[in-house]
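Here is a short briefing to read alongside the structure. Have the viewer open and follow the topics one by one.

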Amino acid sequence: MSDRKKNRYHFDRHTPQYRHDFEEVTREMQERCPIAWSDTHGGHWVAAGNREVFELAARSAGVISNDHDVTGERRGYQGISIPAPTRAGKGGFLEMDPPEQRHYRQALNPYLSPAAVARWIPVVDDVVRACIDEKIEEGRIDFVEDLANIVPAVLTMAMMGIPLRNWDIYNEPAHAVIYTPPNSPDLARVGRLHEEMRRDLAGQLAEIKANPRPGLVNALLNLEIDGERPSDEDLLGSLHLLIGGGFDTTTALTAHAIEWLGENPAERERLSRERDTLLDSATEEFVRYYTPVVGGGRTFSADCEVVGTRFEEGERLWLSWAMANRDPSVFPDPDEIDLAREGNRHTGFGLGVHRCIGSNVARTVFKRMIVQVLDRMPDYVCEPEGTVHYETVGVINGMRFLPATFTPGPRLGPGLDETLESLQRTCDEQRLADPVTRRGTKP
Amino acid sequence: MKVRVDQGRCQGHTLCAMVAPQVFELDDVDGHASPVDENVPAGREAEVREAARSCPERAISVGKDAP
């Protein structure tokens, strides 16, 4: 046993046990070994302390790589998944290093900036309204299936420049590839759905190439890196990344927050009453506490020493955003939700050059869903027996079902399908998916 | 002490505003960071150096004479 690896911990975030013991494991690792070596999944380092995660993720760009070398042209690094995924293919710009990665971010940032996202609020509000209208007279809803799955999916389609009605092709596979375990009998069906989604996305790419229309797809099609267009394969990888980032994460955040607010009705009432001052800090607190994207894998690209540990080139590292978010040295009472928490320096969107590019979208969509739930079904009661969390939280801390009942109310407008048809016209006429920069909208 | 953010390099990763929230603000339009005041308030120098060191894009410059 090498002395470098004297801090050892058997760390397997893919087991249901880890989800169950999360707070205990976090406490133990942070006290005993904020950086540990684990022999699981081929052997890898785990950063669990906030300071360690910060130093490695944000300040070690020169020695940490996200590269997923699928063709074996470079050093064979395996990207951000530990263990390496069985499905080949690079995960878009999240599995690239700068400077290549920077070109992608620069092309997409103007579509995801605070001002660009603000322009979508009326659309988001109308989708939320329609989702709630579908259920409001019944007095029953599944907050995951009937709301938190739909709104992020529709908005992601809209921002990409894909027809809104196609959200349904992407919806189930985008979540199911995350929560379906490799030994599930359902795997073949999920594989077929995923294939259908891949086909549609490739079709959209070709269609937008032939007939440009505004959106994230078009931004990537116009991308040039040192005078060259990226391959369709790299573009599709990045489009899948945008879908993965846009769908399951915001769903997970919203569902967990709604569940917690249902269990804490006094806090729910307070949030509703004091939303003008509390909603922003509450949003950050839910991102911290639930950390939908639980972490990311990296590869050391050089021998180095960071926060007192020596690492060797080629070794794998897991940066746990989720555990860093529960570090008592940064967050007093880290395992408590404090809707008014101040100075909330959470790692819930990651840290460094790969920090979530859609954080403004996530925050906005989350807030718009929460506000309408508070207004239109303020007395909802979730049903624990029908509530289903992801069995494991190795990739996304997600939820599958969150059924609830509430006092029925009146509909305010048309249902979802009709709403999406009219919103499609709005998107097209107002060119909402155009980028916004400091100097205004760029055609 | 003066501090400056190169807008051509800034990618809105928000680390500076995390490290020195009193010194850097994030733009409502493009999400880029800029100093509230290019003259760093007394007592915040260490924070600002820390923020500059944390910027993944090396967009923050600190100095007596800059900008």
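In what sense do S1(A) and strand S2 (residues 44–47) of chain A pair, and over how many bridges? The two strands pair in the antiparallel sense, with 4 bridges between them. Please keep in mind that this is a predicted model.

**The hairpin in chain A**
- A:Ile35 has A:Ala47 of S2(A) opposite it.
- The hairpin of S1(A) and S2(A) has 5 residues between the strands, and A:His41 takes a positive phi near 50° there.
- From strand S1 (residues 35–38) of chain A, A:Ile35 and A:Trp37 point one way, while A:Ala36 and A:Ser38 point the other way; all are buried.

- In chain A, 5 strands form an open sheet with mixed pairing, in the order S1-S2-S8-S5-S3.
- S1 and strand S3 (64–65) of chain A are at the edges with a single partner strand each, so one side of each has no neighbour in the sheet.
- S3(A) runs antiparallel to strand S5 (residues 295–300) of chain A, joined by 2 bridges.
- A:Ile64 has A:Phe300 in S5(A) as its bridge partner.
- Helix H3 (residues 50–59) of chain A packs on the sheet and touches S1, S2, S3 and strand S8 (316–320) of chain A. The direction of H3 makes about 120° with that of S8(A).

**Where the chains meet**
- Chain A gives 16 residues to the contact and chain B gives 12 residues.
- On the side of chain B that touches chain A, helix H1 (15–19) and helix H2 (45–54) of chain B are the elements that give two or more residues.
- That side of chain B divides into 4 nonpolar, 5 polar and 3 charged residues.

How values were computed. Residues are numbered from 1 along each chain as its sequence is written. Chains are lettered from A and ligands numbered from 1 in the order in which they are written. This is a predicted model: local features need pLDDT of at least 70, side-chain atom pairs count only at pLDDT 80 or more; totals for chains, interfaces and linings use all residues. Two residues are in contact if their C-beta atoms, placed from the backbone, lie within 7 Å. Ala, Val, Leu, Ile, Met, Phe, Trp, Tyr, Cys and Pro count as nonpolar, Asp, Glu, Lys and Arg as charged, and the others, Gly among them, as polar. A residue is buried if 20 or more other C-beta atoms lie within 10 Å of its own, exposed if 12 or fewer, and partly exposed in between; C-beta atoms are placed from the backbone. Two strands pair if DSSP finds at least two bridges between them. Axes are lines fitted to C-alpha atoms, for helices over the stretch in contact, and angles run from 0 to 180 degrees between N-to-C directions.
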